[in-house]
Amino acid sequence: MNTKEFLQLAKKRYITIIGIVLFFVIIVLGGTLLQPLKYRSKTRLLIAQTNMTSDAYAIARSNQYIGGLISEVVYSGAFLDSLESSNAVFDRNYFNGTYKQNVKKWKQTVFARSGGDSGIIDIEIYHPDPSEAKKISLAVNEVIISGQGPYQFTNIQVKINTIDQPIISSFPVKPNIPLNLLVSLVFGLSFSLSYIYFFPQSQTERLLE
């Protein structure tokens, strides 16, 4: 089947294509709307080396190591324990399941990214309540800055400062409804075109034959 024949077939069976695409869109949209809508609180921290006698390369490598370490440890159950045992004010009932459930939920709540040798750490918190997202974001900053987390360094060695206070998204950002719809459209269209390519005859035509 050449391209021209396939285009003619697609035009002829446009109802099948639309039906399959709508099926995928409805399934994806339904699954998306069943998930809780979450707001994002985004903040940034800066690693400041207290030992200024080191050369720039050594400081950059140290920033990269410390930033990467914090970005990984933030996801851990040990960090969540430090967060819940701190004096920070936030709703601790949000993590009221078993240890395994709480760690899983925490990993869905926090996102951390290190800026490499720049010493900048981006931290995002996702929560259904924007005010709670901000509170947890502030609590995470407090634990990191105070050195209460399970780290290998102290404030004497490294000083961490907040360079961007928590910024709350105006609208829910999770789940990403526009992206999910786009993916469902692309996947539905691809599947429908493949379907009519491998099964060029409609069900009615096959029954008549």
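How many of the eight residues of strand E3 are buried? In this predicted model, seven of the eight residues in E3 (residues 120–127) are buried, buried meaning under 20% relative accessible area with a 1.4 Å probe and protein chains only.

**View 1. Pairing of strands E1 and E3.** Strand E1 (residues 39–49) pairs with E3 in the antiparallel sense over eight bridges. Strands are DSSP runs of E of at least two residues, numbered from the N terminus, and two strands pair if DSSP finds at least two bridges between them. Leu45 stands opposite Ile121 in E3.

**View 2. The hairpin of strands E2 and E3.** E2 (residues 110–114) runs antiparallel to E3, and five bridges join the two strands. Ser114 stands opposite Ile121 in E3. Five residues lie between E2 and E3 in the hairpin, and Gly116 in the turn has a positive phi of about 75°.

**View 3. Packing of helices H1 and H7.** Helix H1 (residues 3–12) packs against helix H7 (residues 177–198) at an angle of about 110°, with their axes 10 Å apart. H1 is therefore roughly perpendicular to H7, a term for angles of 65 to 115 degrees. Helices are DSSP runs of H or I of at least four residues; axes are lines fitted to C-alpha atoms over the stretch in contact, and angles run from 0 to 180 degrees between N-to-C directions. Phe6, Leu9 and Ala10 in H1 meet Leu193, Ile196 and Tyr197 in H7, contact meaning heavy atoms within 4.5 Å.

**Notes.** Residues are numbered from 1 along each chain as its sequence is written, and side-chain values use heavy atoms, with hydrogens and water left out. Local features need pLDDT of at least 70 and side-chain atom pairs count only at pLDDT 80 or more, whereas totals for chains, interfaces and linings use all residues.

How values were computed
Buried means under 20% relative accessible area, exposed over 50%, partly exposed in between (1.4 Å probe, protein chains only). Angles under 35 degrees count as roughly parallel, over 145 as roughly antiparallel, 65 to 115 as roughly perpendicular and the rest as oblique.
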